[in-house]
Amino acid sequence: MPDYSETPLKSTDDVNSWLKFFDMPSPLSCLSVFVSSDPGLNLRMEHTHCFSDHGVGGHYHEDTTAECVEYEGYFNIADTLFRIDRPSAVCDFGKD
């Protein structure tokens, strides 16, 4: 991700124009969170961070090689949800 934006990111298009996208070589280890409903905390419904032993990492946004990629996932269900550092300006762009 680039440095923090100097202007507010108020839409998905704003966010996608600000982000930098790259293809990354496998294997990657990823930590993902999926939320089934937002209890008013302005959460992203899905968010994934990736890292590797070969020096690449970042946020996962979409698969560019659907015909040959393989995933293995292990997930658990949380009992409690905490929001730390709520955004100062509430936007709805994470809801699509």
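I shall begin with confidence, continue with the sheet, and finish with the pocket.

What you see is a predicted model. The protein chain has an average pLDDT of 84, and 88% of the residues score at least 70. Which elements mark the two ends of the confidence range? Helix H1, residues 12-18, has the lowest mean pLDDT among the elements, at 86, whereas S2 has the highest, at 93.

Three strands, in the order S1-S2-S3, form an open sheet with antiparallel pairing. S1 and S3 stand at the edges with a single partner strand each, so one side of each has no neighbour in the sheet. In general, such pairing is made through backbone hydrogen bonds, either parallel or antiparallel.

How many bridges join S1 to S2? There are 6, and the two strands run antiparallel. Within this pairing, Ser32 lies opposite Thr48 of S2, and Phe34 lies opposite Glu46 of S2. S2 and S3, also antiparallel, are joined by 2 bridges. Here His49 faces His59 of S3. The hairpin of S2 and S3 has 6 residues between the strands, and in it Gly55 adopts a positive phi near 85°.

I come now to the second largest pocket, whose volume is about 1100 Å³. It is lined by 35 residues, of which Met24, Leu28, Cys30, Cys50 and Tyr60 are the closest to its centre. By type, the lining comprises 17 nonpolar, 11 polar and 7 charged residues.

S1 gives the most, with 5 residues.

Two of the central lining residues are cysteines, Cys30 and Cys50. Are they buried or exposed? Cys50 has a relative accessibility of 7%, under the 20% cut-off, and therefore counts as buried. Cys30, at 39%, falls between 20% and 50%, so this residue is partly exposed. The structure holds 0 disulfides.

Thank you for your attention.

Methods: Residues numbered from 1 in each chain as written. Predicted model: local features only at pLDDT ≥ 70, side-chain atom pairs only at ≥ 80, totals over all residues. Heavy atoms only, no water. 1 Å grid on protein atoms, 1.4 Å probe; cavity = no way out; pocket = protein on both sides within 12 Å on 5 of 7 lines; lining within 4 Å. Points joined across faces, edges and corners; volume = space filled by probe spheres on them. Helix = DSSP H or I, 4+ residues; strand = E, 2+ residues; numbered from the N terminus. Nonpolar A, V, L, I, M, F, W, Y, C, P; charged D, E, K, R; others polar. Pairing = 2+ DSSP bridges. pLDDT = per-residue confidence, 0-100. Disulfide = S-S within 2.5 Å. Buried < 20%, exposed > 50% of the residue type's maximum accessible area, 1.4 Å probe, protein only.
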